[in-house]
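Hi there,

Here is the structure I promised to pass on. Have a look at it first, and my notes follow below.

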Amino acid sequence: MAPVTEIQIILPRGMNLAAHSLLDVQNLSIAYYSSPQVGRDGRHPVHRAVRNASLKILDGETAALVGETGSGKSTMALSALGLLDPRAKIESGEILFEGRSLESLNEQAWKELRSRKIGMAFQDARSALNPILSIENHLIETLRTHQPLKKKEASEIGLELLREVGIPKGQEKLYPFELSGGACQRVGIALAVCNSPRLLIADEPVSAVDVTLQSQILDLLRRMKQRHNLSLLLISHDLPLISQVADRIYVMYHGRIVESGFSREIFDSPAHPYTRALIKTQPSLRHHHLSNPITAIPGTMPVPGEELPGCMFAPRCHDAVPECQSAVPGERELSKTHRVACIRASRTEGDGIK
Amino acid sequence: MAERVVPILRTEELCKEFIPGGFYQKPVRVVDRVNVEVDPGEIRGIVGESGSGKTTLARCSLRLLEPSSGSVYFDGKDLAAFSPAALRTKRQEFQMVFQDPYGSLNPSMTVEEIILEPLKIHRIGSRDSQKQYLQELLDAVSLSEHFLERRIAELSGGQQQRIGIARGLALKPRLLVADEPVSSLDASVQAQILNLLAELQQKYALTLMLISHSLGVVHYLCNKISVMYRGRIVEEAAADSFFRKPKHPYSLLLLHSMPTMNTILKNDAAPVGSSITAPADSASSCSFHPRCVHAFELCRKQTPPLIEVEDGETVACFLYS
């Protein structure tokens, strides 16, 4: 799979990269409209969850959308599936899949897209499963909804897939409540890929599983990607963890993509102060409260609906200057693939974590 | 031999069983014959995966849950021997900060009421002195005064956790148990809370018991580590020797599972042990053996006892006996 991304790097700029991109989100803005009772003080009837965000997933690539609670990462992913909350509205921008706009799709076309083109593995795997259907029946149902298969055929395909994701023989008759969290996650992945989509979106695939199983689930995702010729979009709040599998990373903060680039670029030279802080403030074995304390980011994420005239991260930023408060920073190109939305950003080599 | 300090908290063969409802009536032993000793001033980390019994151990140790068997000694005194009234007074000395700050704080109370409630329950101080003390507590957890009139739902996760900590500190406890204090918080505020706990521990000379599934968190704060697996303590050691040389295969697995920045997963990098295994019967075998690459005949037949292998380091594994 890796060669695909490498070919992309050496493509001269200006060449039609869109021809190779599977999912292409361009300048997307999404707002949630709430009823006046929901807005606490009535001053913020609209909450802009995604602001002018662009994201591109190339064929065969593993991309990761990283951000904290409320940064808009799930909203962005759901918009590509047509699964947005009814209160959410796409204000501007475009979503292209295989070069075609998704704007005017009807319900039938959305259904087709969701199964045969884009698969989704949901965050809370157990509650995404039907408690009164056995694992086997989940797969049979999902397969037969989208493909003209006999029950027996669907069952065979389903069982093979379950073996592939590591559910041992005999466990297909079990119900979701009889399985561990990790096993439910595996079933969720099997369901997402059973109709052979081209893109698999996994929302927080490992945040609900134990540390000892996280790398196994990530490893499974990578194997499935290779075997089924998939592209992956992983949504996560855990930058260090997701960097283990992602080719390309998009960092989101309060609805904006603040930095994007190849995993290597982001880790060897994180340019946005927020990305840098995310990497450096994770407690790891290098840190100790006495010998090597972590310099925490002060303050908290802006609350949903909060609007600032300038950079959203400026109030918490150690490097902020007065200009940061006055205008939204535009995207700057640090390399052909590495982009950052920060006026103070400079490419400081070796500033990452070695 | 130097005289041993009296541990602030000691459990002896502590067990807790729950009887699940429904069709399964067989009790499940969540904490299984646990002996821990926490010395004054120590920062003890308890690590393990979900369901390993960390929280139940903490709750039993503070008698928020009645243990099924075994005893808990606070300052060398058996907590079971206290009358309910005496236990309530004793509670001032050990407090807990709960895992989910939003779920553990009363949504209909203001922040001021929440923090002052322990003082009211224990009838400490006059109204005026309470107000003054409130200010001190807010300063200690770095919250400004204008939060006092708000309710929990209006605050961010980090602020809620600060209030949980302020409430835990209100009675000036000697032992503070923090159950996953940062796991529900966003990455960018986790470090704030960890630094706050470190600062408070020094300022108030607290004994801290920190429950976490994250070795990074435990490494950052703790000076002694207990590793739990399926209700039992499988390894216990001083933090520096634990992180230098973990002994139990499960501890190794935990350490190997830590995400590190520059390890891009290789195809062959699958960690030791498999995931989907039925729990082994801990009464007659090592509960980790189905996942252990070193498991041999004895591991399937007997439960390994917790034995001292080096000075102050104990491991429950037949590889070391």
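**Cavities and a sheet**

The largest cavity holds about 80 Å³ of space, the volume being that filled by probe spheres set on grid points joined across faces, edges and corners. A cavity here is a set of points, on a 1 Å grid over the protein atoms alone, where a 1.4 Å probe fits but cannot get out, and lining residues have an atom within 4 Å of a point. This is a predicted model, where local features need pLDDT of at least 70 and side-chain atom pairs count only at pLDDT 80 or more, while totals for chains, interfaces and linings use all residues. Residues are numbered from 1 along each chain as its sequence is written, chains are lettered from A and ligands numbered from 1 in the order written, and side-chain values use heavy atoms, without hydrogens and water.

Among the residues lining the largest cavity are Tyr253(A), His272(A), Cys311(A) and Phe313(A). Strand β10 (residues 256–262) of chain A contributes most to that lining, with three residues. In total, the structure has seven cavities of 30 Å³ or more.

Chain A has 12 helices and 12 strands (DSSP runs numbered from the N terminus: H or I of at least four residues for helices, E of at least two for strands). Four of the strands form an open antiparallel sheet in the order β2-β1-β4-β5 (chain A), with pairing taken as at least two DSSP bridges between strands. Its edge strands are β2 (46–58) and β5 (100–101) of chain A. Eight bridges link β1 (residues 21–33) and β4 (residues 88–97) of chain A, and Ser29(A) sits opposite Ser92(A) in β4(A).

Best wishes

Technical notes:
On a 1 Å grid over the protein atoms alone, a cavity is a set of points where a 1.4 Å probe fits but cannot get out, and a pocket is an open set with protein on both sides within 12 Å along at least five of seven lines; lining residues have an atom within 4 Å of a point.
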